[in-house]
Amino acid sequence: MAKTRCTWCGTDPLYMQYHDEEWGVPVWDDQTLFEFLILEGAQAGLSWITVLKKREAYRKLFSQFDAKKVARYTDSKLEKHLQNPAIIRNRLKVFGARKNANAFLEVQADKGSFANYIWDFVDGKPIQNKWKSMSQVPATTAISDALSKDMKKRGFTFVGSTIMYAHMQATGMVNDHTTDCFRHRECKALSAHR
């Protein structure tokens, strides 16, 4: 019998795999959180599948999303990245990765880890929503508004409320799988384990 999934992932195998294995899974690892931060920022104005198809290229070009390394990138290195068609060649987004890496390192120094900082916005545990359809799922919430505002204050870029809500969904800070989706219950169970 076919599994029922959230409608947004459609039938693209890459999208389905991402939906089934990653979306909504609580992430406490700083490197993975940084990866999603850069990828969600790269997505701005585009579809997530576009970014997913370029994810491996991003990993290669951005030092497997090692924030310390990305923070030290020179202008010439970033200019070289801009010539590479394997990623989204938007100057603000590419140079924004370095800016975000530096802000990320400052948060780590301030809070002990980026995970400590970001998860504090949901009191350390995922919000469990019970949406019946994707049309009920919001693009932003009061929490993503507050998170976005605080991150902008800390020097991050491409961290608008919509981008940060997508980040919260991707990293399991919120379980937005619809209740008929097989992953809703699985992700809810995962939230109990840290």
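Modeller: The largest cavity holds about 80 Å³ of space. Bear in mind that this is a predicted model. With a threshold of 30 Å³ or more, the count comes to one cavity. If you wonder how such a space gets found, rolling a probe the size of a water molecule over the atoms shows where empty space is left.

So what lines the largest cavity? Going up the numbering, you meet Leu37, Ile38, Gly41 and Ala42, then Tyr58 and Phe62, then Lys93, Val94, Gly96, Ala97 and Asn100, and finally Phe158. Two elements give two or more residues to that lining: helix 2, covering 30-43, and helix 6, covering 91-111. Helix 6 has the largest share, with five residues. By class, the lining of the largest cavity splits into eight nonpolar, three polar and one charged.

Phe158 in that lining deserves a stop of its own. Its phi is positive, about 55°, although Phe158 is not a glycine. For background, most residues other than glycine have a negative phi. You'll find Phe158 in the loop between helix 8 and helix 9. Its relative accessible area is 24%, so Phe158 is partly exposed.

There is another residue with a positive phi to look at. Asp123, also not a glycine, has phi near 55°. Asp123 sits in the loop between helix 7 (114-119) and strand 1 (127-128). Is Asp123 buried or exposed? Asp123 counts as exposed, because its relative accessibility is 66%.

Back to helix 8, which runs over residues 142-153 and contains Ser148. Ser148 counts as buried because its relative accessibility is 4%, where the cut-off for buried is under 20%. Which residues touch Ser148, once neighbours within four places in sequence are set aside? They are Val159, Gly160, Ser161 and Met164.

From there, move to the open space. The largest pocket contains about 390 Å³ of space. It has 20 lining residues, and the closest to its centre are Trp23, Gln43, Trp48, Ala166 and Gln169. Helix 1, helix 2 and helix 9 (161-170) each supply at least two residues of the pocket lining. Helix 9 gives the largest share, six residues. Sorted by class, the lining of the largest pocket has 15 nonpolar, four polar and one charged.

Helix 1 also brings us to a helix pair. The axes of helix 1 (residues 13-21) and helix 3 (residues 48-61) come within 10 Å, crossing at roughly 90°. That is why helix 1 is described as roughly perpendicular to helix 3. On the helix 1 side, Leu14, Tyr15 and Tyr18 make the contact, while helix 3 brings Trp48, Ile49, Leu52, Lys53 and Arg55. By class, this contact of helix 1 with helix 3 has six nonpolar, no polar and two charged residues. Trp48 turns up here and also among the residues closest to the centre of the largest pocket.

Zoom in on Ile49, which lies in helix 3. With a relative accessible area of 16%, Ile49 is buried. Not counting residues up to four places away in sequence, Ile49 touches Asp12, Leu14 and Tyr15. Ile49 and Leu39 are ten residues apart in sequence, and their C-alpha atoms are 11 Å apart in space.

Now for a couple of residues elsewhere in the chain. Asn90 falls in the loop between helix 5 (75-82) and helix 6. Asn90 is partly exposed, with a relative accessible area of 28%. How far apart are the C-alpha atoms of Asn90 and Asn116? They are separated by 30 Å, with the two residues 26 apart along the chain.

The last one is Arg185, in helix 10 (residues 182-190). Arg185 has a relative accessible area of 70%, so Arg185 is exposed. Between Arg185 and Thr74 there are 45 Å in space, C-alpha to C-alpha, and the two are 111 residues apart in sequence.

Conventions: Residues are numbered from 1 along each chain as its sequence is written. This is a predicted model: local features need pLDDT of at least 70, side-chain atom pairs count only at pLDDT 80 or more; totals for chains, interfaces and linings use all residues. Side-chain values use heavy atoms; hydrogens and water are left out. On a 1 Å grid over the protein atoms alone, a cavity is a set of points where a 1.4 Å probe fits but cannot get out, and a pocket is an open set with protein on both sides within 12 Å along at least five of seven lines; lining residues have an atom within 4 Å of a point. Grid points are joined across faces, edges and corners, and a volume is the space filled by probe spheres set on the points. Helices (H or I, at least four residues) and strands (E, at least two) are DSSP runs, numbered from the N terminus. Ala, Val, Leu, Ile, Met, Phe, Trp, Tyr, Cys and Pro count as nonpolar, Asp, Glu, Lys and Arg as charged, and the others, Gly among them, as polar. Buried means under 20% relative accessible area, exposed over 50%, partly exposed in between (1.4 Å probe, protein chains only). Contact means heavy atoms within 4.5 Å. Axes are lines fitted to C-alpha atoms, for helices over the stretch in contact, and angles run from 0 to 180 degrees between N-to-C directions. Angles under 35 degrees count as roughly parallel, over 145 as roughly antiparallel, 65 to 115 as roughly perpendicular and the rest as oblique.
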